[in-house]
Amino acid sequence: MAAEIEGFFKNDLRDKIASSKLLVVGAGGIGCEILKNLVMSGFKDIEIIDLDTIDVSNLNRQFLFHKEHVGKAKAVVARETALKFNPNVEIKAYHDSIFSTDYGVSFFQRFTMVLNALDNRAARNHVNRMCLNAKIPLIESGTAGYNGQVELIERGVSQCYECMPKAAQKVFPGCTIRNTPSEPIHCIVWAKHLFNQLFGEDNADEDVSPDTADPEASGDAGKEALDSESNEKGNVERTSTKQWAKNCDFMPEKLFNKFFNDDINYLLSMSNLWKTRTPPKPMKFGEHDEIIAEMSDVASSAGVVRDQKVWTIAECQQVFAESVNNLKEQVLKLNEDDNLVWDKDDKDAMDFVTSCANIRSTVFAIPRKSRFDIKSMAGNIIPAIASTNAITAGFVVLHAFKVLEKKFDQCQSVYVRAQPNARNQIFVPEKFITPPNPNCYVCAAKPELILKIDTEKITVKELRDDILIKEMHMVNPDVMLDGKGIIIISSDDDETECNEAKLLKEMHIVDGCILKVDDFFQNYELTITIIHKTAERDDPKFEIVADKDVLKTAESVEEVKKQKKEESTSQPQPGPSNGASSSSNGTKAYESDEDDLIIVEPQSLVAEKRKHSAGGEDESPGCKRIRIEQEPTASSSKGSTAMCSIDDDEDLICIDDD
Ligand SMILES: Nc1ncnc2c1ncn2[C@@H]1O[C@H](COP(=O)(O)OP(=O)(O)OP(=O)(O)O)[C@@H](O)[C@H]1O
Ligand SMILES: [Zn+2]
């Protein structure tokens, strides 16, 4: 072991390594490499946690796992294999989620430091908050293809994981997905939702049927179509798609005709929608001009050609029928209450989504895509590269040494790049540690933010589930209306269950109100000022503004725009400025909890670039995004490259981790 080689480490560091206690969160691509590095460096007391089991697709890069380990707990196997490198280490493995209430602040306080090797924003936010509370250093890391990043998070010394708003994940309004798709991704999201409606867990937010509440269709929704014969067959039981499908024994033809003919006819009857759009063309099962015989191999064969060619409509129909039959078989094997879980690596699930997305695309005159492209868009995929993980894990452990020596000034973030930069660097360090953002709604002394929200449309349940939990990554929040002492949401479910269905307005949460939010588990208190804003169709129903100054800027910009509009009435009003905020109003294109580490370019380089760019845009400190491809391929960046809003600021890069 390195620590045992005389002179390898200074004695002081060697002792600190031997006496420290580390927690590694995540035993995937980076986590396995970190664990191996730690045991080889001389660390003696390590705990590792991972909620997952080993999948065959992990084996090409997670070298602590072998074929015989498939199906076993990652943390447990990682421990066993790491002990073979160095048996003189205490390693404790937990096969569990870090969100479990077993791992509260006192659990974290037992460690000298925590090393994150996660793959999703929710868990990263959570560990960030726990380490801030426990007052222990956290080393955060992530990779995306050839890019990687390592940063230190130390209360009062550096930015925390939430100091800078992450690029908003691209959100698609429910109306677009259900009524008026215009891009392949809209149809892919719809097809994933359809999978869940038919075979997975029922989720009211993922309804695939025409949205009659669409304000743009106002009033004319489908009366005519509802009366028609086809709708009597197709559109009944709109709320229980799964039951309806079970009743017709998942017959592919019936399912097909409901979703691609009857529902489309229903949509056509919402005539307001088609005044400025190309109306969709309903399609019935078996209706196509193509010769089935020529493509029989597509349904049955596997391999590159099948994945990379764009299937004809006849092929899509054939694959649809086959995948429905196979998924039905899978569902029938489950207990009554169990469901299938959509998985990009499940052949039938992926075939189903590819065929459905392409059929819907054709109905709406949108170009079809290959299975390969759809998989990368639906599965949010970027190839994970073993060497990037290894290099990044190496930097994590080098940072850990510096933290042990309390050399925080040497713990600048490090970026692993795909290409050498202008200074011929592949590993690019920041010049300085970026200090905490005094307005951060997590690590500031008194965290607060502004929530612009449609108080007449959002319910208390949506406030809790979609905003506080999903968007702001709390675990079990209590909410009180300040000044009035009214408890709106209690973490003790029963107490406030009766409030859940009420609109915020009905609970007296209106413009100017202040909410006191407290997440006991995360030991996190937040003050939220409510600003009411009426959300029109496709508008976000809420917007989180973490920095009041940004809000002021955004509002003054809008004010100026408004005045300009009044001055010249011919100009259409642009949408609201996004500023340092994130927003959501419906269906996320990609799973919100996955793959969204933002990797920023070193500030120094950005400053340099800005100097060189003639007449640059307004400067906003912190997070920078690059212009990104709208539809990532597997070889470009993972999903959230497509999630990032695309703007003209060339200094911004935003990529995911693996
Ligand atoms: N809440 C959590 N608690 C504990 N471990 C988590 C949590 N969320 C994610 N993880 C783990 O973090 C690890 C991240 O590793 P990695 O990015 O290599 O993902 P993977 O699932 O192994 O690979 P891929 O996503 O590329 O198939 C995973 O093993 C995952 O199970
Ligand atoms: Zn912060």
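## The open sheet

Eight strands make up an open sheet of mixed pairing, in the order 3-2-1-4-5-6-8-9, where strands (E, at least two residues) and helices (H or I, at least four residues) are DSSP runs numbered from the N terminus, and two strands pair if DSSP finds at least two bridges between them. Strand 3 (90-95) and strand 9 (427-429) are the edge strands, each of them pairing on one side only. On average, neighbouring strands of this sheet are turned by 15° against each other, direction ignored, the axes being lines fitted to C-alpha atoms and the angles running from 0 to 180 degrees between N-to-C directions.

This is a predicted model, in which local features need pLDDT of at least 70 and side-chain atom pairs count only at pLDDT 80 or more, while totals for chains, interfaces and linings use all residues. Residues are numbered from 1 along each chain as its sequence is written, and chains are lettered from A and ligands numbered from 1 in the order in which they are written.

Strand 4 (residues 113-116) pairs with strand 5 (residues 138-144) in the parallel sense over two bridges, and Val114 stands opposite Leu138 in strand 5. Strand 5 in turn pairs with strand 6 in the antiparallel sense over seven bridges, with Glu140 opposite Glu151 in strand 6. In the hairpin of these two strands, which has two residues between them, Gly145 takes a positive phi near 60°.

Strand 6 also pairs with strand 8 (residues 414-416), in the antiparallel sense over three bridges, and here Gly148 stands opposite Val416. Seven of the seven residues of strand 6 (residues 147-153) are buried, so this strand is largely enclosed by the rest of the structure; a residue is buried if 20 or more other C-beta atoms, placed from the backbone, lie within 10 Å of its own, exposed if 12 or fewer do, and partly exposed in between. Both faces of strand 6 are covered, with Asn147, Gln149, Glu151 and Ile153 on one side and Gly148, Val150 and Leu152 on the other.

Helix 2 has 13 residues and reaches 19 Å from its first C-alpha to its last, close to the 18 Å expected, the expected span being 1.5 Å times one less than the number of residues. Twelve of the 13 residues of helix 2 are buried, so the helix is largely enclosed by the rest of the structure. Just after helix 2, Gly42 takes a positive phi of about 115°.

Of the 21 residues around ligand 1, those that come nearest are Gly26, Gly28, Gly29, Asp52 and Asp119, a residue being near a molecule if its C-beta atom, placed from the backbone, lies within 6 Å of it. Helix 2 (29-41) and strand 2 (45-50) are the elements that give two or more residues to this shell.

## Helix 11

The 17 residues of helix 11 (residues 252-268) should span 24 Å, and the end C-alpha atoms are 23 Å apart, which agrees. Twelve of the 17 residues of helix 11 are buried, including Phe256, Lys258, Asp262 and Asp263.

## Asp492

Asp492 lies in the loop between strand 12 (486-489) and helix 19 (493-496), and counts as exposed because 11 C-beta neighbours lie inside 10 Å. Asp492 and Asn476 are 16 residues apart in sequence and 8.9 Å apart in space, C-alpha to C-alpha.
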